[in-house]
Amino acid sequence: MENSLPIRRILFAKPVHGAEEKTAVIESLNTGWLGCGEYTLEFENRFLELVKKKHGVLVNSGSSANLSAISALNLPKGSEVITPACTFPTTFNPIIQCGLTPMVCDIDIETLNLDIKSIEKYIGPKTKAVFAPHAFGCPLDTFALRDICNRHNLYLVEDSADTIGTTVNGFFSGKYSDLCTFSFYATHHLTLAGGGGMLVTDSDEIMYNARSLKDWGRADEFQKYWTREGEDFSRRFQHKVDGIHYDSKYTYDRIGYNFKTIELQAAFGLVQLKRLAEFNRIRKRNVDYMMNFLREYSELFQLPKWDSHLEPSLLSLPITLKENIPFERYELLEHLENHGIQIRLLFAGNILRHEAYKNIVYRKADSLKNSDRVMKDSFLIGIHQGIDEDDLDYMCKVFKKFIDTQASSGSSRSSQVQSSFDEKSEISL
Ligand SMILES: Cc1ncc(COP(=O)(O)O)c(C=O)c1O
């Protein structure tokens, strides 16, 4: 690379935090209470104000939130859940972990989300829910999905792990779904010192279930966080287990987990929550900048699209290579990485192609061609709050250098992906 363009390191994701978060963590440690307590309650309440839902439970990851969400529905074993093939593993896995059957549908190549238009024909007597992410923060049209779910009496579970800021009709994630999950992993819109997740709902019953799952399966809602009232002896021993007076702290009504965060995470997260609007402003600036640049090369790159009632706050920018262009994805990605620009693929791509899923029981749509296509032709670049205008300018220059030197030479690519699904592992309606 010429000297005028020294290598910059542009990470795919970089958490932004500083003195205020550190002070908050120390203050929380100084209270002497390390488990879920007042900071956790405060974080849940602030987050609920943001997304305007009735209940929320803070858990230790988006993956835990997803498992809690599907478990909390208590669906009969063997029920089917509609979900996209191009997904994140721990969006897909809870369906299997709960003894349910994924009905695997394709994505729309423009929105990169579940292809809503195609799902109705796959709804059968066993279908009980739709579980879909806002992939990479690209808005999933939950308004349209709600209508379909209402007509077929299905739960709508929304995985908003990749965004806190994407809106549908001006509303944050959660507005149209029965349950919505978020992730506070280090690379996401905001973080709770590296991890965390949240599940929100308006349903009292679902929230009771989710809280108990988080809390080792405890039966007593009162014990969810340490409080003085929770210590009250007579209250604790109102409970009986098989006729034996028993401490509600050790009374269980389901097979639970420990999905708890620690208190300092909530302290860290409360500061991050205050910074979210600014983080989202920077993300939007970065997305607009990169999309404006890449649109100049529309013969090479396809960018995600969304309807006007949908407003994205992206996790990262998905880019799909057009068909019959004169270079391979590998060549471009190697060029970007060699120039310090970290790239990622679209998570699992078509998840059914991975070894872990070869022997699961599922149903799938007639075609998963778009999920296969992005597995082969798409990639993600960072647009996070740690990227500044010099970084953006550098990224454009690196892309341009590749296009100038490579686009005019080489043979066109073949976009064929061989279908090698094991038909035996599928079941019929
Ligand atoms: C769509 C989606 N769902 C769930 C998760 C899991 O979240 P976490 O990393 O907090 O477990 C991720 C990844 O972070 C994701 O991208």
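Predicted model: local features only at pLDDT ≥ 70, side-chain atom pairs only at ≥ 80, totals over all residues.
1. To the contact, domain 1 brings 42 residues and domain 2 brings 41 residues.

2. Between domain 1 and domain 2, about 3500 Å² of area is buried, and carbon and sulfur atoms account for 61% of that area. On the domain 1 side, Ile109, Phe136 and His189 are the three residues to look at: together they supply 20% of the area that domain 1 buries against domain 2, more than any other three residues.

3. Charged pairs also occur here. Three salt bridges are found across the interface of domain 1 and domain 2. In the model, lysine 121 forms a salt bridge with aspartate 366, with 3.7 Å between the closest N and O atoms. This pair meets the definition because the cut-off is 4 Å.

4. Polar contacts can be counted as well. Across the interface of domain 1 and domain 2, there are 23 residue pairs in polar contact, with both residues at pLDDT 80 or more.

5. Which elements each supply at least two residues of the side of domain 1 that touches domain 2? They are helix H4 (89–97), strand E3 (101–105) and strand E6 (167–168). E3 gives the most to this side, with five residues.

6. Sorted by class, the side of domain 1 that touches domain 2 holds 21 nonpolar residues, 14 polar residues and seven charged residues.

Methods: Residues numbered from 1 in each chain as written. Heavy atoms only, no water. Contact = heavy atoms within 4.5 Å. Buried area = accessible area lost by both parts, 1.4 Å probe. Salt bridge = Lys/Arg side-chain N within 4 Å of Asp/Glu carboxyl O. Polar contact = N/O pair within 3.5 Å; in protein donor to acceptor, adjacent residues only side chain to side chain. Helix = DSSP H or I, 4+ residues; strand = E, 2+ residues; numbered from the N terminus. Nonpolar A, V, L, I, M, F, W, Y, C, P; charged D, E, K, R; others polar.
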